[in-house]
Amino acid sequence: MMDLSMGTVLAFAGAAIAATLAGIGSAVGISYPGKAATGVLSEDPSKFGSLFLLVVLPGTQGFYGFVAAFLIIGNIADVSTVSQGWQLFVAALPIAFTGLLSGIHQGKVCAAGVNLVAKRVDQAMKGVIFAAMVETYAVLGLLISFFLINSIQF
């Protein structure tokens with residue numbers, strides 16, 4: 001059985017927190033427009049294409065968390081000190097928290113976009129644009145995590 005160092009355990013924890021919190025943000029975020037879209041589709045199934053992007057958009061945060069976790073896991077074999085483990089753990093935090101919070105709030109914005117599409121289907125892209133503004137902060141969180149991970153000296 002392999003004996004893991006404290007640095008390695010911290011790096012694993014960082015990967016887990018990046019994937020878990022961003023995934024939770026996406027799961028909760030998708031639930032808001034998903035519920036609203038289901039109601040709209042029960043009245044008018046022809047709006048599926050206009051609603052699909054609004055429903056899936058909050059799912060991107062989960063992918064960003066997965067990417068960050070993948071990058072951290074790729075460096076775990078190089079971790080030889082506790083300090084490096086802490087650095088990987090801290091590098092996971094930007095995408096973990098921006099993914100969690102932006103996923104939830106983007107879901108709320110997308111649900112409002114679904115309500116817009118229910119009344120005026122020709123305005124669907126305006127709802128997507130508003131949701132994309134929230135997405136910006138998840139992308140920034142991923143970029144900061146990416147730069148932090150790549151700045152660690154092994």
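At what angle do helix H4 (residues 82–119) and helix H5 (residues 124–151) pack, and how far apart are their axes? The angle is about 175°, and the axes are 8 Å apart. That makes H4 roughly antiparallel to H5, as an angle over 145 degrees counts as such. Please keep in mind as you browse that this is a predicted model. Here is a friendly tour, from the whole chain down to single residues.

**The chain as a whole**

- The chain holds five helices and zero strands, and read from the N terminus its elements run α-α-α-α-α.
- Along the principal axes, the C-alpha trace spans about 60 × 30 × 20 Å.
- Of the 154 residues in the chain, 44% are buried.
- The accessible surface of the chain is about 8100 Å², and carbon and sulfur atoms account for 73% of that surface.

**How the helices pack**

- Two packed helices are described by the angle between their axes and the distance between the axes.
- For H4 and H5, those values are about 175° and 8 Å.
- Sorted by class, the contact of H4 with H5 has 20 nonpolar, eight polar and two charged residues.
- H3 and H4 have axes that come within 8 Å of each other and cross at roughly 170°. H3 is therefore roughly antiparallel to H4.
- Which residues of H3 meet H4? On the H3 side they are Thr60, Gln61, Tyr64, Gly65, Ala68, Ile72 and Asn75.
- Their partners in H4 are Leu88, Ala92, Ile95, Gly99, Ser102, Gly103 and Gln106.
- By class, the contact of H3 with H4 has six nonpolar, eight polar and no charged residues.

**Aromatic pairs**

- A pair of aromatic rings is described by the distance of the centres and the angle of the planes.
- The chain has four aromatic pairs by the ring-centre rule.
- One of them is Phe66 with Phe70: the ring centres are 6.3 Å apart and the planes are at 25°, so the pair is stacked. The cut-off behind that label is a plane angle under 30 degrees.
- Phe66 and Phe70 are four residues apart in helix H3 (residues 60–75), which means that about one helical turn separates them.
- Trp86 and Phe89 form an edge-to-face pair, with 5.8 Å centre to centre and 90° between the planes.
- Trp86 and Phe89 are three residues apart in helix H4, so they too are separated by about one helical turn.
- Trp86 is partly exposed, with a relative accessible area of 45%.

**Lys47, in a loop**

- Lys47 sits in the loop between helix H1 (6–43) and helix H2 (48–56).
- Is Lys47 buried or exposed? Lys47 is buried, because its relative accessible area of 14% falls under the 20% cut-off.
- Not counting residues up to four places away in sequence, Lys47 touches Val40, Leu41, Val117, Ala118 and Val121.

- Phe12 lies in helix H1 and counts as partly exposed, at 39% relative accessibility.
- Leaving aside neighbours within four places in sequence, Phe12 is in contact with Leu4 and Ile76.
- Phe12 and Lys126 are 114 residues apart along the chain, and 40 Å separates their C-alpha atoms.
- Thr38 is found in helix H1 as well, and Thr38 is exposed, with a relative accessible area of 54%.
- Thr38 and Phe48 are 10 residues apart in sequence, and their C-alpha atoms are 9.2 Å apart in space.

- Gln153 belongs to the segment after H5.
- With 65% relative accessibility, Gln153 counts as exposed.
- How far apart in space are Gln153 and Gln84, C-alpha to C-alpha? The distance is 7.8 Å, while 69 residues separate Gln153 and Gln84 in sequence.

Technical notes: Residues are numbered from 1 along each chain as its sequence is written. This is a predicted model: local features need pLDDT of at least 70, side-chain atom pairs count only at pLDDT 80 or more; totals for chains, interfaces and linings use all residues. Side-chain values use heavy atoms; hydrogens and water are left out. Axes are lines fitted to C-alpha atoms, for helices over the stretch in contact, and angles run from 0 to 180 degrees between N-to-C directions. Helices (H or I, at least four residues) and strands (E, at least two) are DSSP runs, numbered from the N terminus. Angles under 35 degrees count as roughly parallel, over 145 as roughly antiparallel, 65 to 115 as roughly perpendicular and the rest as oblique. Ala, Val, Leu, Ile, Met, Phe, Trp, Tyr, Cys and Pro count as nonpolar, Asp, Glu, Lys and Arg as charged, and the others, Gly among them, as polar. Buried means under 20% relative accessible area, exposed over 50%, partly exposed in between (1.4 Å probe, protein chains only). Accessible areas come from the Shrake-Rupley method with a 1.4 Å probe; for residues, only the protein chains shown count as cover. Rings of Phe, Tyr and Trp (its six-membered ring) pair if their centres lie within 6.5 Å; planes under 30 degrees apart count as stacked, over 60 as edge-to-face and the rest as tilted. Contact means heavy atoms within 4.5 Å.
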